[in-house]
Amino acid sequence: MIPFAEKPLFTLNIFTKEPLDFVTISLIEQCFSVKTTMKKIPERNWLRASNIKFSPVKIDKFTITSSFFANSIKQDKFSLIIDASLAFGTGHHYTTKFCLLLIQSLKKREVNPLKIIDVGCGTGILSIALAKLFPSRIIAVDNDTHSVEITKRNIVVNKVANYVKVYNSTGLVGNHLNYGAKYDLIVANILYKPLKTLMWSFTKNLSDKGFLILSGLNIKQARHLKSILRQFGFKVVDEKKEANWAALLIKKIVRKRVSHSIIEGL
Ligand SMILES: C[S@@+](CC[C@H](N)C(=O)[O-])C[C@H]1O[C@@H](n2cnc3c(N)ncnc32)[C@H](O)[C@@H]1O
């Protein structure tokens, strides 16, 4: 048996409804060579606890609050009420913040996408922000069923349910999604590996003048993605970087047609 290290290298917290029995504990200890301790934690309303934890955050025009703080903040058309529960996306993480900044930068460029897809919607934060900025048809998808339910609830709370349709789907593939659909804006704040897997479908499903926002990357991954973008027919037009996180605003490379008369004149 491997001896237990004097000082633990890491601590893993496991939350269970019932105390683990003696056999399970000794199996865990033997198999993983770890020491376990058990303690009873008091009953809490975890949803409320997470709502209290996330203080309001301002990202350019948007203010994002949990319902716990909503009454203490003046609400306007750029206010988002997001209760995260088990989903990701409160606006506190750089990856979400970058997407919200890049989405607003499109509005400033007077880009008005009509058909949008938010791949990996989490709490629905980006879809809700998009619905508040653009009079568009927005599709929000996530491969996690909890996130789908939470997004459905949040779009109602934020009164944008008429603009956003939410589906359980991996990437841009699903019975409910139109296989050949062209989107004017695709936003995907998911991790590097799934992003890379989805690159061809981004190429196929982005309209020629459309924009693609990719987030969830560290600086090194963003650099690598930038180096392979050309082979998918893309170029970077803007990017956000902070604290080793990065997000890219991307467009299709427009290939200029060479007219026959010019070729003939050569
Ligand atoms: C980092 S969270 C982003 C949430 C939110 N869009 C935001 O910007 O805060 C990534 C989400 O993508 C989902 N996800 C990961 N890979 C996916 C895939 N291939 N297709 C659909 N959803 C995916 C995860 O379940 C998770 O909810």
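Begin by selecting Ser85, which sits in the loop between β3 (79–81) and α4 (94–108); helices (H or I, at least four residues) and strands (E, at least two) are DSSP runs, numbered from the N terminus. The model is predicted, so local features need pLDDT of at least 70 and side-chain atom pairs count only at pLDDT 80 or more, while totals for chains, interfaces and linings use all residues. Residues are numbered from 1 along each chain as its sequence is written, and side-chain values use heavy atoms, with hydrogens and water left out.

Although Ser85 is not a glycine, its phi is positive, at about 50°. Ser85 is partly exposed, with a relative accessible area of 33% (buried is under 20%, exposed over 50%, partly exposed in between, with a 1.4 Å probe and protein chains only).

Next, select the strands of the open sheet, where seven strands follow the order β6-β5-β4-β7-β8-β10-β9 with mixed pairing; two strands pair if DSSP finds at least two bridges between them. At the edges stand β6 (164–168) and β9, each with a single partner strand, so one side of each is left without a neighbour in the sheet. From one strand to the next, the twist averages 15°, with axes being lines fitted to C-alpha atoms, for helices over the stretch in contact, and angles running from 0 to 180 degrees between N-to-C directions.

Select β5 (residues 137–142) together with β6, and you will find two parallel strands joined by five bridges, with Ile139 having Lys165 in β6 as its bridge partner. Between β5 and β6 the chain passes through helix α6 (residues 145–157), in a β-α-β crossover that is right-handed, meaning that, with the strands pointing away from the viewer, the path from the first strand over the helix to the second runs clockwise.

Now move to β8 (residues 206–218), which is antiparallel to β10 and joined to β10 by six bridges; here Leu214 stands opposite Leu248 in β10. Ala243, in the loop between β9 (234–242) and β10 (245–252), is a residue other than glycine with a positive phi near 45°.

Finish by selecting Phe54, Ser55, Pro56, Ile64, Thr65, Ser66, Ile82, Ala84, Thr90 and His92, which line the largest cavity.

Terms used. On a 1 Å grid over the protein atoms alone, a cavity is a set of points where a 1.4 Å probe fits but cannot get out, and a pocket is an open set with protein on both sides within 12 Å along at least five of seven lines; lining residues have an atom within 4 Å of a point.
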